[in-house]
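Here are a few friendly notes to read alongside the structure.

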Amino acid sequence: NIKIADNSLFLANQENKIYSINIANGKQNWQFSSNETFLKSDFQNNIIIDKAKNNVFFFNTNGELYSIDYYTKKINWVLNLKNSYFKSDTDLFEGLPLVMHEDYIVASTGNTIQNINSLSGTVVWNKAIHTSVKPIISKNKIFITTKNNLLVCLDLITGKIIWSKNIVTELLSVDTKYDSWKTGAVKSLAIVNNQIYLFTKNGYLITFNYNGGEIT
């Protein structure tokens, strides 16, 4: 998880420390230490860059989201996303990589998905949905898969569910002998030529209609 912007390289280590490195000479521009977590989950800290506003967004394994101006080295805001779901500080934090579109950041944390204003750090909306893979944003729509095998399309601005399809039901409509063990769990999704592509653990590719979610 390495990002590059304006001749600087940004990366973070397992102790939740983020670094800015000069690409030309390898010297460190700056570093910032955020809070560590003692117990480690499968979630890895991740970074996204807003080059237009010179901001780096750092999502650490403790569930904290930092907005940092990488020129001035100033912290714009900090948001603790772990507290929005977990009852105890000893609970393991589970999350997915951040997704950004214009001035919105979509973060999936435990049993919630939320839209955050990248300028102010305020939560635009929060939904109790347990997403299973990194969301995709396209044309102000968010596409997600859930732990209970739903393919869901959300409005990015309002968080309203536009449509929802049960993946297993859709597969049974084209293959009456379908068993979930055959394809395995969904591992990632993508948007290609107005089609939603699901890639599964066992190497299957399943496509759905972009507008209504019907299997193709």
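**Notes on the aromatic rings**

1. Start with a group: F10, W30, Y70 and Y71 make up one aromatic cluster. Please keep in mind that this is a predicted model.

2. Now widen the view. Searching the whole structure turns up nine aromatic pairs. One of them joins F10 and W30: the ring centres are 6.1 Å apart and the planes meet at 50°, so this pair is tilted. The pair links distant parts of the chain, since F10 belongs to strand β2 (residues 8–12) and W30 to strand β4 (residues 28–33), 20 residues apart.

3. Are these two partners buried or exposed? F10 is buried, because its relative accessible area is 0% and the cut-off for buried is under 20%. W30 is buried as well, with a relative accessible area of 8%.

4. Next, look at F32 and Y66. Their ring centres lie 5.2 Å apart with the planes at 65°, so the pair counts as edge-to-face; planes over 60 degrees apart fall in that class. This pair also links distant parts of the chain: F32 sits in strand β4 and Y66 in strand β7 (residues 64–69), 34 residues apart. Y66 is buried, with a relative accessible area of 7%.

5. Finally, a contact of another kind. Which ring has the charged end of K139 over it? The ring belongs to Y210, and the charged end of K139 is 5.4 Å from the centre of that ring.

Notes: Residues numbered from 1 in each chain as written. Predicted model: local features only at pLDDT ≥ 70, side-chain atom pairs only at ≥ 80, totals over all residues. Heavy atoms only, no water. Phe/Tyr/Trp six-rings, centres within 6.5 Å; stacked < 30°, edge-to-face > 60°. Helix = DSSP H or I, 4+ residues; strand = E, 2+ residues; numbered from the N terminus. Buried < 20%, exposed > 50% of the residue type's maximum accessible area, 1.4 Å probe, protein only. Lys NZ or Arg CZ within 6 Å of the ring centre and 35° of its normal.
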